[in-house]
Amino acid sequence: MGQKFEGWLLDLYYNQNGKMALWIKRKDNTCVKLMEDWSPSIYVTGSESNLTRLAQRLYARRWEFAEKFVKLNDPKPSRTLRIYTRNINDSKELADYILSLSVWDGRYAVYNVDVPTSQSFLYEKDLFPLAFLEAETINGQVNLQIRDSVERLDYELPPLEILSLEINVASKCRIPSFRDELDWVKIKNDGYTAQIDWGSEAEKLQKLVAYVKELDPDVILTENGDSFLFPYLARRALANGVLGELVLGREDISLSAKQRPGRSYWSYNRVYYRPGSYRLLGRLHLDVKNGLLVDDCGLEGLAEVARICRIPLHEASRGTIGSSMTSIQLYQAFKDGYLIPWRKAEPEGLKSARELIIADRGGFYYEPIVGVHDHVGEIDFSSLYPTLMLKKNLSAETVRCDCCPNSTLRVPELDYNICQKRRGIVPKSLELLLKKKAYYKRMKKETRDLKLREIYNRRQAALKWVLVCAFGYLGYRNARFGKIDAHIATCAFAREVLQKAVYLVEENGFRLIHGIVDGLWLRKPDATEEDFQELCNLIQDRLDLPIDFEGIYRWIVFLPSKIRPNVPVLNRYYGVFQDGRIKVRGLALRRHDTPRFIKQCMTEMLGEMAKAEAPADLQTQRESVLAILYKYIGMLRDTQVPTEDLIIQKVLSKSPSKYKHNVMQALAAKQLNTEGLKLEAGETVGYIITNDRCRDGRSVIAAQLIESDIEYNVEEYIRLLWDAASTMLEPLDWLSDDLYKREFQKIHGNKQTTLS
């Protein structure tokens, strides 16, 4: 007998028995596990005779011939050999073996080797996470009928049971370690809170397991669950002989006491670190400190990316945005019958020196006019680069294609041809992303339901991250379907668009104050919102690109360089819209490493300045704004600032031992290393600047090592605060060196005291 029911696809993974495990969240709030017979596969290309000989050597494996497009520009599919494997590691081992057979003559090429197993299943079955489907099991066979569409704009998430987990460690040292005993465990579930703080350590762990089993959550939320909480619980369970009982997933598998290695990687001129993940099979473990999407966009944003990019929620929450972008491209390739290259397949085309000079220009900008301005409106092209990639058909196989040398579609300045016979994989992958983002952004403005507005906001914000990454991946050296020629072409079109937009702006009586890549700041005395909106409509009609009107500023300040006061900075400004919204870019207030105390001061100063209705009114706010600054300086001078508000957070660009100079973050990381906490490149270290001097004239203490009698360096923090404020107020000429010296005279007239 079989069973039939409806529900949402919550989790999936390939198990050791060669089956795909599917967890379905049913409408009655229960969760059921299904097992489907399915195997991943790789593809091999070569002559038919060579493929036949290879198949004969693989007598122990299941294989078949399949018709597939091998290259992106192939006019018709080719005969390939499909070989079924056990998992991704088996796929790589088999691929290496096959390539070793053709090391001298290159008779074989392998494809679809390193596509994650769960994603391969989703691509092949045309499924996606949290899809609503109808499941039927008959004689052990699973039949899935999808009753959902990834294109749906308004959909509901399943009624997920969410449990948050928190622990406290009875640490004997300043840094908690796996040797310290568990003090208490706290769980929160739908307004219910329970704290397990009685009994032996083993009993606390057993009680935790019992609570999780009884509440049966679909999602377990943690902070640093991957890097500390779960590995710590596993080590304590091992020390108490109850590791086998520490089962927190829906499968009867205990947590591993072996620390999973993390990895450091470089992205957009910054090093990032991802700790090894702890997966709870059948449930979703979401670590808010180990995932950009969960932290910034919540479960709604994560679900949107997982659905549209067809990547399991566990991986989507921890992977890079680039991996999500890659996944949607891989799905498109699979859907269109293309093989997925194991490594990047499209090299950069040869260019002359003149071409390189023209091509390597990036985005276009107009330098801002430094100072305070009124009657300035801001307009921005919506997702300009991805939209150009879609509309202009920019992809690795379409730019400078071999089939259309005389194409009428040409790249400006470079005269590269663009294919007219086929639509590229990259544009096809972007179409739905752009459509859904535009819808969510529009509905966020139109809906009056606050809860629904927040849902739309989180979904569009998550898709915005993916779209931002889409352009970068065109030129990324390891992108499967990227090519630097397509990246260059996108930049060329963007430069042309901005210049044409500026011509239209000036033709209609607006003055350009600043322009950068995809945004314009325009001034026209007495221009109304309707005037700016009409201009946007004109630009959109002429250029066939979506453009948004952000609003008119009461006043806006464009700032100069700190080093060269006569040189403007492209992305450093702040201003107040007519509706009271404050917009800030490039100031210390926006930096992640700025201490909370300094952010509070700048926020208060900006709030006071925002009361001014026009630039002339700003002068009337001078005394009250400076009073705020002096108040905060006085708090520093009198050591009245809580220590936690002075912590500076820095990202390690390399491992602490590899720093050649004793920069502050390296000193703090080395202190933690001495205490047993080892940090890697890409991790964040917090510290306080202290009075204790070391050989290089500076000293810090790591945030985790702070004690009640620590003295912070008053002069250094006043300098940081003064620098942040003076940068913001530079065009107003409100601060001077004399005022700065006067404040330091006050410092040396007072004796510093320790923090209580």
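**Entry 1: a charged pair**

I started with D218, which forms a salt bridge with R250; the closest N and O atoms are 2.8 Å apart. I note here that this is a predicted model. The pair links distant parts of the chain, 32 residues apart. I find D218 in the loop between α4 (201–215) and β13 (219–222), and R250 in the loop between α5 (225–239) and β14 (263–267).

Are the two partners buried or exposed? D218 has 0% relative accessibility and counts as buried. R250, at 16%, counts as buried too, because the cut-off for buried is under 20%.

**Entry 2: other salt bridges**

I searched the whole structure and got 48 salt bridges. I looked up two further pairs.

K611 pairs with E608, with the closest N and O atoms 3.1 Å apart. K611 is exposed, its relative accessible area being 54%, whereas E608 is buried at 17%.

E623 pairs with R622, with the closest N and O atoms 2.8 Å apart. E623 is exposed at 56%, and R622 counts as partly exposed at 25% relative accessibility.

**Entry 3: helix α2**

I turned to helix α2, residues 88–100. The helix has 13 residues and reaches 18 Å from its first C-alpha to its last, close to the 18 Å expected at 1.5 Å a residue.

Which residues of α2 are buried? I list D90, S91, L94, A95 and I98. Seen down the axis of α2, these buried residues fall within an arc of 135 degrees, so they line one face of the helix. N89 and E93, on the other side of α2, are exposed.

I then checked what covers the buried residues of α2. The cover includes the strands β4 (41–45), β6 (78–84) and β7 (109–111), along with helix α1 (48–57).

At the N-terminal end of α2 I found a cap, N87. A side-chain oxygen of N87 lies 3.1 Å from the backbone nitrogen of N89.

**Entry 4: nonpolar cores**

The largest nonpolar core has 92 residues. Those with the most contacts inside this core are F381, L430, L433, L520, L522 and I539. Helix α13 (residues 484–507) gives the most to the core, with 13 residues. Apart from it lies another core, of 62 residues; F597, M609, V685 and A702 are among them.

What does F381 contact? The residues I noted are V497, A501, D518, I539, L543, L545, P546 and I547.

**Entry 5: L535**

Last, I looked up L535, which lies in helix α14 (residues 529–543). L535 is buried, with a relative accessible area of 3%.

Not counting residues up to four places away in sequence, L535 touches L504, V505, N508, F510 and L522. Of these I checked the spacing to V505: the two C-alpha atoms are separated by 7.4 Å, while L535 and V505 are 30 residues apart along the chain. L522, another residue that L535 touches, is one of those with the most contacts inside the largest nonpolar core.

Terms used: Residues numbered from 1 in each chain as written. Predicted model: local features only at pLDDT ≥ 70, side-chain atom pairs only at ≥ 80, totals over all residues. Heavy atoms only, no water. Core = buried A, V, L, I, M, F, W, Y, C linked by side-chain atoms within 4.5 Å. Buried < 20%, exposed > 50% of the residue type's maximum accessible area, 1.4 Å probe, protein only. Helix = DSSP H or I, 4+ residues; strand = E, 2+ residues; numbered from the N terminus. Contact = heavy atoms within 4.5 Å. Expected span 1.5 Å × (residues − 1). Arc of directions from axis to C-beta. Polar contact = N/O pair within 3.5 Å; in protein donor to acceptor, adjacent residues only side chain to side chain. Salt bridge = Lys/Arg side-chain N within 4 Å of Asp/Glu carboxyl O.
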